[in-house]
Amino acid sequence: MKNKQWTVSMVMVVVSIFLVALNMRPAVTAIGPLFTILMESLQVSNTQMSLLTSIPVFCMGLFAIVAVPLQRKFGTKTAIMLLVIIVAFANGLRFLKESYLLLVVTSFAAGFAIAIIGPILNAYIKEKFPNRFATVVGVYSFGIGTGATLSASLTVSFYHRFNQNWTVALGSWAVLAVVALVVWSVVVRKEQDNTQIQGEIAQGTARNPWKNRRAWTILFYFGLQTSLFFSMMSWLSPMLQDKGFSLVTASSLLTCLSIVQMIGNIVIPMLMEKWSNRITWLLALGTLGIIGFILLWVGAGPMLWIAVFMIGIVLSGLFPIGLLLPLDEARNHVEANSWSSMVLSGGFMMSSIIPIVIGYCYDVTGNHTFTYVIFIALMLGIIGTTFMLKKNI
């Protein structure tokens, strides 16, 4: 696609990518708004509830390395279709009964599918939109942010609308997966890249990211920023309720965070087309993040809205940069897939730990002091990896 003009078929492919991306978070982020309700209904601890976030995130890391062989065997179109079907079933099964075990199993299944979708779509975008990949990654990130926003804002509404039935509130997100499956199957052409992939590997043109120091630095950065995102989506509402806010108000602040992030997910990558220095962006976002989390910790009233707004901007920029960094380094389609797989694999596995740590600290101390310290430490870690990336330029 050397032609820089957008065609109808290209736009439809981007739309289908957006619809698939919508399904990359609701199975995880729909838990946060109902955190306290689920904990009381299922009679489990904060640590056990944290597992519902950590298990799919850990799966996103554990199974991301499966992306390369799966895409090679089935091709992009078929692989994504199979994985979206799994996401649909994972969400749909939550309709069945109020069961902690069922939530754990469906979280695992959703995490497995999402883990593989990410690297495949990353490589697909790099291959199909070489001249516009930052913009299309922005649309992809926007889709992920939109899915997170919808689940954060509507799950509580579904809960109240359906007679405080949380199984319906969580299971309803299967509809998004069905829509994405239909559009993707119609729009995207079936392509097999086996010959090209095997040829490039045979020629030795693909570097092994596991032996590359810069790839490990990017992985560490991705793990820190993803830890930040999933911990915030899981714990912002309980943290605000701990400050005395009602479920509805806490949910509104979580929705505000998601909306800001959703908009930033597409605006910041577009801005990076003009101002492309990733290091400058990371340092600016890192500084803003530290200020935002300090305000969230010590602030009250309107200051909390400002803090959430600032953190939303930070999260909206950190994630697409995390997707772009391995693509920036990739020399071809094979490297785009393998580097993305490595970064997403290790990064998600890292980030599955933090929500559990937060839950454990809260169970032990009964307050969120350690939660705020952990968030600020994550921001400092992101700034640290930024300087490491700068040295390697």
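In which helix is Val105 found? Val105 belongs to helix H7, which covers residues 100–128. Please keep in mind as you look around that this is a predicted model.

Val105 has 46% relative accessibility, so it counts as partly exposed.

Next, have a look at Ser141, which sits in helix H8 (residues 133–161). Because its relative accessibility is 0%, Ser141 counts as buried. Leaving out residues up to four places away in sequence, Ser141 touches Asn265, Phe319, Pro320 and Leu323.

The largest nonpolar core holds 131 residues, and within it Ile17 and Leu296 touch the most other members. Beyond its neighbours within four places in sequence, Leu296 has contacts that include Met232, Leu236, Met239 and Lys243. Also among the contacts of Leu296 are Leu304, Ala307, Val308, Ile311 and Tyr372.

Now for some backbone angles. Most residues other than glycine have a negative phi. Gln43 has a positive phi without being a glycine, and Gln164 likewise has a positive phi. Here they are together:

| Residue | Phi | Loop |
|---|---|---|
| Gln43 | about 55° | between helix H3 (35–42) and helix H4 (46–62) |

Is Gln43 buried or exposed? With a relative accessibility of 73%, Gln43 counts as exposed, because the cut-off for that label is over 50%.

Terms used
Residues are numbered from 1 along each chain as its sequence is written. This is a predicted model: local features need pLDDT of at least 70, side-chain atom pairs count only at pLDDT 80 or more; totals for chains, interfaces and linings use all residues. Side-chain values use heavy atoms; hydrogens and water are left out. Helices (H or I, at least four residues) and strands (E, at least two) are DSSP runs, numbered from the N terminus. Buried means under 20% relative accessible area, exposed over 50%, partly exposed in between (1.4 Å probe, protein chains only). Contact means heavy atoms within 4.5 Å. A nonpolar core is a set of buried Ala, Val, Leu, Ile, Met, Phe, Trp, Tyr and Cys residues joined through side-chain atoms within 4.5 Å.
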